[in-house]
Amino acid sequence: MIDRLIELALENGLSLETYAAGWEAKRTAPLQGMDKDQRKNVFYSRYNWERYQRAAASYVVSPELARAIAAIDEPQRWMLVTEDWCVDSAFAFPVIAHAVRMNPLITLRVVLRDAHPEVMDRYLTNGARSIPRLVAFDSSGNECFNWGPAPAELRAARASWVADGVPGPEISQRKIDWYEDRGWERVDTELAERILARICTPAVV
């Protein structure tokens, strides 16, 4: 069975609509009273809202993902660990949101990474709290698949840039450029692959 920590995260997580509404509200949120880190996160969040909107407006689900989503014939709960200031999350969100809306058997709950570090620590990437992380569970609490924090192609490219000594700000811009060149469609491809593999393993207790 799924452990109590994850169960609580799913019970208390945000719906897709609530998360998106909170994200959009930050576009006009007053910055007074916020500390430096909070203002920085709101700044990134506002840029990411526009990125999300552009990707969502041009996204057309692939036949492979449509087939994969249609193949889900039993209830699944999806947990998306994320934050709206994360650029990877901004470009992955339209794909994940579209997938969820295609099948009423899927229930999505968004868990904010910074508010739930103990959940994030279950799904580290090379020891880092990298987001987004999407984890799917069946009705028995078994983990069906997980995906994140970015498409494999981008992760490999970033590792190469780091190895070559590319400065951090330039790496960030290269990553954004990669996504803006419709690289975010790789999320669609990888999500379809994960679902169609249909491998469920016992949840960690």
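Analyst: Happy to! Two residues are in contact here when they have heavy atoms within 4.5 Å. Please keep in mind that this is a predicted model.

Let's begin with Leu 65. Setting aside neighbours within four places in sequence, Leu 65 is in contact with Tyr 59, Val 95, Ala 99, Asp 188, Leu 191, Ala 192 and Ile 195. Leu 65 belongs to the largest nonpolar core, a set of 44 residues, and it is listed with Trp 78 and Ile 195 as having the most contacts inside that core. Helix 5, covering residues 87-101, gives the most to this core, with 10 residues. A second, separate core holds 14 residues, among them Ile 6, Met 79, Val 119 and Phe 137. As background, nonpolar side chains in soluble globular proteins tend to be buried together.

Now for the setting. The protein has nine helices and four strands, arranged along the sequence as α-α-α-α-β-α-β-α-β-β-α-α-α. Of the 205 residues, 44% are buried. Among contacts with a separation of 6 or more, 76% are between residues 24 or more positions apart.

The overall dimensions fit a compact globule, because a chain of 205 residues would then have a radius of gyration near 17 Å, and the protein has 17 Å. Its C-alpha atoms fill a box of roughly 45 × 35 × 35 Å along the principal axes.

Methods. Residues are numbered from 1 along each chain as its sequence is written. This is a predicted model: local features need pLDDT of at least 70, side-chain atom pairs count only at pLDDT 80 or more; totals for chains, interfaces and linings use all residues. Side-chain values use heavy atoms; hydrogens and water are left out. Helices (H or I, at least four residues) and strands (E, at least two) are DSSP runs, numbered from the N terminus. The radius of gyration is taken over C-alpha atoms; the globule rule is 2.2 Å times the number of residues to the power 0.38. Buried means under 20% relative accessible area, exposed over 50%, partly exposed in between (1.4 Å probe, protein chains only). A nonpolar core is a set of buried Ala, Val, Leu, Ile, Met, Phe, Trp, Tyr and Cys residues joined through side-chain atoms within 4.5 Å.
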